[in-house]
Every structure is written in structure tokens, then in C-alpha cells.
Amino acid sequence: MKSRDFWLLAGGFLRLRPVDNGLIGTHLIAACFDQGIPEVNSASLLAMMGIFDLVGTTLSGWLSDRWNNRWLLFWYYALRGVSLVFLPFSGFTLYGLSLFAMFYGLDWIATVPPTVRLCADRFGKQDAPILFGWIFCAHQMGAATAAFGAGMLRTTLNSYLEAFIIAGLACGAAAVMSLMVGGAKRAPLQPAMAAGD
């Protein structure tokens with residue numbers, strides 16, 4: 001509770017991860033429907049995101065073992081923010097939505113591997129799973145808030161524009177927060193020992 005790095009990582013998940021489940025997972029189909037796109041086509045958009053998510057998350061795990069995880073999080077958060085701001089201005093065309101689904105899908109869960117790696121680096125392998133559990137709890141609270149907030153904005157203003165802009169700005173804040181996480185030196189990877197050692 002006294003660790004600044006814990007609160008920075010949890011705050012990033014509180015601000016960013018809710019966008020996935022709370023805004024996109026809950027409201028994307030309704031936002032597309034508001035633009036005259038049938039539900040089945042909108043659901044296909046989510047399925048497309050899922051396919052690209054598999055690629056993006058796998059690649060993110062590979063990158064997390066090779067690159068600075070704070071910078072990975074910065075780019076993932078920042079690029080997701082750009083994609084969210086782009087969405088309401090995409091015209092909800094086939095091309096615009098496909099571009100959004102591909103780009104956003106690659107980044108959907110890509111933030112998890114570098115966050116787990118930063119937890120292990122900052123708090124040790126023994127405590128990292130528990131701390132990541134609490135960080136993920138922040139994600140759940142944020143998702144509930146985002147789902148409610150986007151619905152309230154849609155009902156009040158008759159548009160999802162503000163919800164997408166706010167979510168994009170929140171991703172920008174999460175990007176800056178990720179660079180503030182302390183940069184612990186990671187022990188170099190050790191080669192596997194031979195069977196006779």
C-alpha cells in the first residue's frame with residue numbers, strides 16, 4: 001500500500017483497462033448501432049478484435065522479455081488512446097472500423113505482459129502474483145465505472161463521442177504514469193543448466 005510503483009501500475013490499469021471491458025466490450029455494438037450498423041456486423045468487429053488480440057498479446061509477451069517494459073506500456077497506452085479518439089471520427093465506415101478493430105485488437109490485452117513483468121521486477125517473484133491480483137482488481141473497478149459512465153453520457157448527451165474522447169485522454173494519462181514506474185535493474189537471463197550440472 002505504501003509503494004508508489006504499485007499505485008502507478010494500478011492507476012494505469014484503473015484508467016486504461018476499463019476501456020476494454022467497460023467501454024469497448026460493453027458499448028461498441030450500441031455505438032455502431034447508433035450509426036446504423038446492424039448488431040451482427042458490430043459483433044463481427046469484436047470477433048475481429050479478438051483475432052488480432054491473440055497476435056498482439058503473444059507478441060507483447062515476447063517483447064516484454066526483450067524491451068524496457070515501461071516504454072512498452074507507454075506506447076501501448078498512448079496508441080490505444082489514439083485509436084479511441086480516432087473511432088468517433090472514423091465515419092463508422094467499413095474501412096475505418098476495420099482499421100480500428102485491427103489496431104485496437106493488437107493492443108487489447110498487450111498491456112498485461114509488461115505489467116506482470118514490472119510487478120516481478122519491482123516486487124519480486126514471490127509477491128508479484130498477489131500484487132498483480134490487486135492491480136487487476138483496480139481494472140475491474142474501473143471497468144464498472146467506465147461502463148456506467150459511458151452509458152450515462154450516451155443517455156444524457158445522446159452520443160458516445162465524449163465517452164471515447166475521455167477514454168482516449170485517460171489512456172494518455174496512463175501512458176505518462178507508466179514512465180514514472182521505477183526502473184529496477186533486471187537480472188540477466190541465465191542459460192539453462194545442462195542435465196549433468
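Modeller: Start with L118, which lies in helix α5 (residues 112-157). The model is predicted, so local features need pLDDT of at least 70 and side-chain atom pairs count only at pLDDT 80 or more, while totals for chains, interfaces and linings use all residues. Residues are numbered from 1 along each chain as its sequence is written, and side-chain values use heavy atoms, with hydrogens and water left out.

Biologist: Why is L118 called buried?

Modeller: Buried means under 20% relative accessible area, exposed means over 50%, and partly exposed is in between (1.4 Å probe, protein chains only). L118 has 5% relative accessibility, so L118 counts as buried. Across the protein, buried residues make up 43% of the 197 residues.

Biologist: Which residues does L118 touch, leaving out those up to four places away in sequence?

Modeller: L118 touches L9, N69, R70, L73 and V181. Contact means heavy atoms within 4.5 Å. Take N69: it is 49 residues from L118 in sequence, yet the two are 6.7 Å apart in space, C-alpha to C-alpha.

Biologist: How many of the protein's contacts with a separation of 6 or more join residues 24 or more positions apart?

Modeller: Such pairs account for 82% of those contacts.

Biologist: Move to S83. Why is S83 called buried?

Modeller: S83 has a relative accessible area of 4%, so the label is buried. S83 lies in helix α3 (residues 69-86). Not counting residues up to four places away in sequence, S83 touches F100, F103 and Y104.

Biologist: What lies 2.7 Å from a polar atom of the S83 side chain?

Modeller: The backbone oxygen of R80 does. A polar contact is a pair of N or O atoms within 3.5 Å; within protein, one must be able to donate a hydrogen and the other to accept it, and residues adjacent in sequence count only if both atoms are side-chain atoms.

Biologist: Compare two loop residues. Which is buried and which is exposed?

Modeller: F92, in the loop between α3 and α4, has a relative accessible area of 12%, so F92 is buried. N158, in the loop between α5 and α6, has 57% relative accessibility, so N158 counts as exposed.

Biologist: What makes a set of residues a nonpolar core?

Modeller: A nonpolar core is a set of buried Ala, Val, Leu, Ile, Met, Phe, Trp, Tyr and Cys residues joined through side-chain atoms within 4.5 Å. The largest one here has 22 residues, and I24, M49, L84 and F164 have the most contacts inside it. At least two residues of this core come from each of α1 (4-34), α2 (39-64), α4 (94-107) and α6 (161-180). The largest share, 5 residues, comes from α1. Another core, of 21 residues, lies apart from it and includes A10, L118, C119 and L131. In soluble globular proteins, nonpolar side chains tend to be buried together.

Biologist: How do α2 and α4 cross?

Modeller: Their axes come within 6 Å and cross at roughly 35 degrees. Axes are lines fitted to C-alpha atoms, for helices over the stretch in contact, and angles run from 0 to 180 degrees between N-to-C directions. Residues making the contact include M49 and F52 of α2 and F100 and Y104 of α4.

Technical notes
Helices (H or I, at least four residues) and strands (E, at least two) are DSSP runs, numbered from the N terminus.
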